Amino acid sequence: MTTKATAPDDTFHVFDTTLRDGAQREGINLTVADKLTIARHLDDFGVGFIEGGWPGANPRDTEFFARAQQEIDFEHAQLVAFGATRRAGGRAADDPQVQALLDSGAPVITLVAKSHDRHVELALRTTLDENLEMVRDTVTHLREQGRRVFVDCEHFFDGYRADAEYAKAVVRTAHEAGADVVILCDTNGGMLPAQVQAVVATVLADTGARLGIHAQDDTGCAVANTLAAVDAGATHVQCTANGYGERVGNANLFPVVAALELKYGKTVLPEGALAEMTRISHAIAEVVNLTPSTHQPYVGVSAFAHKAGLHASAIKVDPDLYQHIDPERVGNTMRMLVSDMAGRASIELKGKELGIDLGDDRALVGRVVERVKERELKGYTYEAADASFELLLRAEVEGRPRRYFRVESWRAIVEDRPDGSHANEATVKLWAKGERIVATAEGNGPVNALDRALRVGLERIYPQLAKLELVDYKVRILEGRTGTESTTRVLVTTGDGSGDWSTVGVAENVIAASWQALEDAYTYGLLRAGVEPTD
């Protein structure tokens, strides 16, 4: 493991704890390979420190540090091992957990220390003085062994409220023993920005220590609390990618860094790294197997999405009128959503986004607006089905629907057998390139059977369809009539290995709605592949 630091200087720290604190989120279970992959992504982004876990206490984390030394050449980050101060009544030099931190090979060690008097007495079951000695002894020992030391003051803000002098004594002790940074932790996540700012300013003035902030998001204020601490003089921020963490999560790395760079004017990342932020966020979400949050600030696909016609009219004149930054600065893009709220400007901008020049044809734009509103009244939605909208738009521009095949009929059969098993079979009859095709297939459900039958029927004519894969399938019962008579909307997401697209179908029958969405999905897939229509 080597570190070739090209990140900004040491005057401000971006410290990531996704691999430890973030991994405590419900639903996240990282393998060692996952942790190594995420560490590479974070190093690519340019964070200064990556907390890898607790070696010695967790075999998986011990393995991670051993493999990281062999497999990762860090360009920007230093790897950090996390652990606790020595046990009460012992010596740091004799403590096996402290030794495991040294054995990890990490150049930086973060120690968690109790700073709330009740936690010292009830959790550690020791005296307040002994707790201070545990901090002093452990920091001193690690510094003597050539390690850089950060100290996390757990439950600091609650401890400060209970006994401010003792909480500050823990900070002062860590600082005097040689800790480079003392981090004030809002472990329960109950603080608000003004409170954080006031406490950090006071502790900074009273102790002279370099301070950091670690904020949980239980009040929804973790990012704001982190920035409030920076306003008060903190020069070290602890965050997790996408805000992953225990309970509702931690301060989200990406909006914190974006705010520091774009709002505060601080250089906290290597040159050009901010433009990789959206990619890094989504890549890490894929590794932890969680769907990226569409409405996450800066990096969500909806972060710069505009729906209202009034917004679109203004954006057509100047995008900055309804956007606080240029989305390209964080690697994102502006999107226009087409819905029954759409006006002419929305359609024109969406056409431009799709590469379709509508020119100054006001009649054409007017027809598209009316068609969208008419179909959304029936239950279609185009803000979530860009591919179906593009097909609708091209049909209006070209004067007819883009068609690669013509459906004669289709049917799906569900057979319920006495042994409790089910059989699903579909048959489609269609025409493609002048040839009548009849195809039958089975599936694990009627929609899957229809999808397979359509693929069987068309792949020989259009081999490009072999790449297509159904990525997601959603069904929603629309308002109106209730029960089995309700109108159903189906959204299908399809991919071809280089991108995904979504299509929509609406009908009183869920299978009929699914068929519409599948037809659009295959048609759009052929359009993406550059195939010329036959009809």
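This is a short walk through a few local features of one protein model.

Hello everyone. What we have here is a predicted model, where local features need pLDDT of at least 70, side-chain atom pairs count only at pLDDT 80 or more, and totals for chains, interfaces and linings use all residues. Residues are numbered from 1 along each chain as its sequence is written, and side-chain values use heavy atoms, with hydrogens and water left out. When I say helix or strand, I mean DSSP runs numbered from the N terminus: H or I of at least four residues for helices, E of at least two for strands.

Let's begin with two helices. The axes of helix 4 (residues 117-124) and helix 5 (residues 128-144) cross at roughly 90° and come within 9 Å; axes are lines fitted to C-alpha atoms, for helices over the stretch in contact, with angles from 0 to 180 degrees between N-to-C directions. The two helices are therefore roughly perpendicular, a word for angles of 65 to 115 degrees. Helix 4 brings D117, V120, E121 and L124 to the contact, and helix 5 brings L128, N131 and M134; contact here means heavy atoms within 4.5 Å.

Now, please find strand 10, residues 236-239. Which of its residues are buried? H236 and Q238 on one side, and V237 and C239 on the other, are all buried, so to speak covering both faces; buried means under 20% relative accessible area and exposed over 50%, with a 1.4 Å probe and protein chains only. Strand 10 pairs in the parallel sense with strand 2 (residues 13-16) over four bridges, and pairing requires at least two DSSP bridges. There, H13 has H236 as its bridge partner. Strand 9 (residues 211-215) also pairs with strand 10 in the parallel sense, over two bridges, and H214 stands opposite Q238.

Further along, three strands form an open antiparallel sheet in the order 16-17-18. Strands 16 (469-477) and 18 (500-507) each have a single partner strand, so one side of each is left without a neighbour in the sheet. Strand 17 (residues 488-495) and strand 18 share eight bridges, with G495 opposite D500.

Finally, two loop residues. Most residues other than glycine have a negative phi. Y298, between helix 11 and strand 11, has a positive phi near 70°, and K433, between strand 14 and strand 15, has one near 50°. Are they buried or exposed? Y298 counts as buried at 8% relative accessibility, whereas K433 is exposed at 53%.

Note on methods:
Parallel < 35°, antiparallel > 145°, perpendicular 65-115°, else oblique.
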